[in-house]
Amino acid sequence: MARSGLAAAARVARWADAALGPGGDSATVDGKATLSDATAERAARALGLTPAQVRADWDTARLAGLIEVHGDSARPGWRLRAWDRDDSAVLRGWVALCDAWSLAHPEPEEYEPAAVAEVVTAMPQVLSFLQLSAGPVPVPQLLDLLQQRVTELRTERCEIDYAPQPEAAGAEAPAADAPRPDASATPDGPPEPDSGPRLQRPRPAPAEPAAADAPLEPLLDWALEALASVGALTYGDGQATLTPLGSWAVWVKLEQICVAAQSPAGNIEQGAEDMLRGCAQLRPNAARAEYRAWLAARPVGSAVTELIGAARGEDALLRGLAFEALRVVGAPAEPEVRAVIDEPTLRPYALLWLAEHDGADPEDAHEVLTRQEATWLWVDTAAAVADHGEAPLLVRHLESAVQPTVPALLQEVRAVGHPRTVQVLVALAAAHPDPALAKAVRRAAFQVHTGG
């Protein structure tokens, strides 16, 4: 369903990728994201569409992340690059479009902006109700729910005055039999019996009288039509029903909220480095749950940047954990992971990540590394064990080396030039129970230290 709904947008995005690449014509006018007239006409001729259809598909492609506009130029988003091989990229693109439903189908100009903003804020609760109903819901029932939610939003914005309300100086006191305005009066019924002084009830903020007076029926109609236009629901005959894709999208959003609220180790508000340190003592499944909670609470782009930054630090343990967290991120992390392949410190981790992302078995992924890269990774992992692990674990790590003998390992470790080589060898010599092997390792450490 997602591929079908975005097929036209993907077609325009692929045309833009081929026709508007480096050296091509500018895609937009005045640095805006709106397609220029000349480019729209050119695309319409090439694709057999009208310029209006091209513009509509262009806007959908931008909202779905298939096209990124930078000034006058356009370039394909990562979702377009992964379109044919990664279903999650397609689904993420559709969810991005669904989240932007109010932009995909803009409201009529006569609607008050404040009222529109209230309805956009309230619609997630309406969608959740539709999802729980698992079937068609009459529009009057949705309208009632929308009115309740909008009333809650207006109440939350109001300030409740807890101070007594003194009569203005010099004002004439009201007559004993004159009617008094009662804060408890409601449009649907008479005032409550007067029982003495009470707190002043919240009233709609006076700065937005137009929003408070705006009827919600046409706004709900617009919102349902907009959500139908992106494929989230069907709307007609006085009722609305979520499509299977729309129901899935709402479920995903609810799951993200639940995941973010159930951070197992409580590191959700921490930066990447502190979060990774907090995960160092967790079992793999618990750590992955923590990564998911941390990622659910922030934009994926900034989260990936933070994790890459943590991996560049001096702590080898955080480097390995950062790439474990990036495995949880999946396809959206691919561009930044590819960008660090030329950094010697991160290259082995990035190559393994990319091999697994491309479908290699995790047990065979190490085959993409050269002997030198594998040795560098062995030393880096040993540094993490030496800093944070126990001596027996470091001894067992010796068995994971690709070299068949200890002398061959020591020779290649010395040649690889890892900055922690001396510390790793000293720690290994101190931990190993074989005196002869420990002596050979200490000698190698001394030779590295002295440059011999």
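1. Ground rules. The model is predicted: local features need pLDDT of at least 70, side-chain atom pairs count only at pLDDT 80 or more, and totals for chains, interfaces and linings use all residues. Residues are numbered from 1 along each chain as its sequence is written, and side-chain values use heavy atoms, with hydrogens and water left out. Helices (H or I, at least four residues) and strands (E, at least two) are DSSP runs, numbered from the N terminus.

2. Helices 18 and 21. Helix 18 (residues 371–388) packs with helix 21 (residues 421–431) at an angle of about 60°, the axes lying 9 Å apart. That makes helix 18 oblique to helix 21. Axes are lines fitted to C-alpha atoms, for helices over the stretch in contact, and angles run from 0 to 180 degrees between N-to-C directions. Under 35 degrees counts as roughly parallel, over 145 as roughly antiparallel, 65 to 115 as roughly perpendicular, and the rest as oblique.

3. Their contact (heavy atoms within 4.5 Å). Helix 18 brings Trp-378, Val-379, Ala-382, Ala-383 and Ala-386; helix 21 brings Thr-421, Val-424, Ala-427 and Leu-428. By class, this contact has 8 nonpolar, 1 polar and no charged residues. Ala, Val, Leu, Ile, Met, Phe, Trp, Tyr, Cys and Pro count as nonpolar, Asp, Glu, Lys and Arg as charged, and the others, Gly among them, as polar.

4. Helices 2 and 3. Helix 2 (residues 37–47) and helix 3 (residues 51–63) pack at about 105°, with axes 8 Å apart. Helix 2 is therefore roughly perpendicular to helix 3. Asp-37, Ala-40, Glu-41, Ala-43 and Ala-44 of helix 2 meet Pro-51, Val-54 and Arg-55 of helix 3. The class count here is 5 nonpolar, no polar and 3 charged residues.

5. Two strands pair if DSSP finds at least two bridges between them. Strand 4 pairs with strand 5 (residues 239–242) over 4 bridges. Within that pair, Leu-233 is bridged to Leu-242.

6. Arg-319. This residue sits in helix 15 (residues 316–329). Arg-319 is buried, with a relative accessible area of 4%. Buried means under 20% relative accessible area, exposed over 50%, partly exposed in between (1.4 Å probe, protein chains only). Beyond its neighbours within four places in sequence, Arg-319 contacts residues including Glu-314, Tyr-349 and Asp-380.
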